[in-house]
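Hi everyone, thanks for coming. Please have a look at the picture while I talk you through it.

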Amino acid sequence: MSALSSSALSPSTSSPSDLSPSDLQNSHYEQACDQAIAMCDGNMRSTIKALIMANEYLETELHELQAAISSGCMPKSLSRSLSEGLSKGSQSLSNSLADEASPGATGNAA
């Protein structure tokens with residue numbers, strides 16, 4: 001850790017309005033890094049280990065989702081959203097077709 005200067009470890013003193021978009025992104029990463037280190041009680045090795053484990057977990061989830069999608073499966077929430085969207089779309093389509101079929105009529109077309 002002697003290779004890092006203390007200024008590299010200290011938080012930025014600039015106000016958010018003074019920062020460029022890349023500085024804001026870096027600030028976000030600095031805050032996330034500080035939070036991860038704090039969650040591991042300042043132990044850098046534990047922090048790195050926890051981040052590696054989290055990354056492996058996310059990679060496993062990604063591979064499982066990719067395998068499920070390639071075999072034709074989709075998550076329930078996505079399936080539900082698609083079916084609700086399709087039913088709303090077909091209902092509005094049938095309503096607009098009924099309106100076009102009988103201009104001036106007040107009832108639904110049969």
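Helices here are DSSP runs of H or I with at least four residues, strands are runs of E with at least two, and both are numbered from the N terminus. Before going on, a word on the source: this is a predicted model, where local features need pLDDT of at least 70 and side-chain atom pairs count only at pLDDT 80 or more, while totals for chains, interfaces and linings use all residues. Residues are numbered from 1 along each chain as its sequence is written, and side-chain values use heavy atoms, with hydrogens and water left out.

Is threonine 47 buried or exposed? It is buried, at a relative accessible area of 6%. Buried means under 20%, exposed over 50%, and partly exposed in between, using a 1.4 Å probe and protein chains only. Leaving aside residues up to four places away in sequence, threonine 47 touches Ala36, Ile37 and Cys40, where contact means heavy atoms within 4.5 Å.

Now the helix around it. H3 covers residues 44-70, which is 27 residues. From first C-alpha to last, H3 reaches 39 Å, close to the expected 39 Å; that expectation is 1.5 Å times one less than the number of residues. Just after H3, glycine 72 adopts a positive phi of about 95 degrees.

Finally, let's zoom out. The protein has four helices and zero strands, running α-α-α-α from the N terminus on. Of its 110 residues, 5% count as buried.
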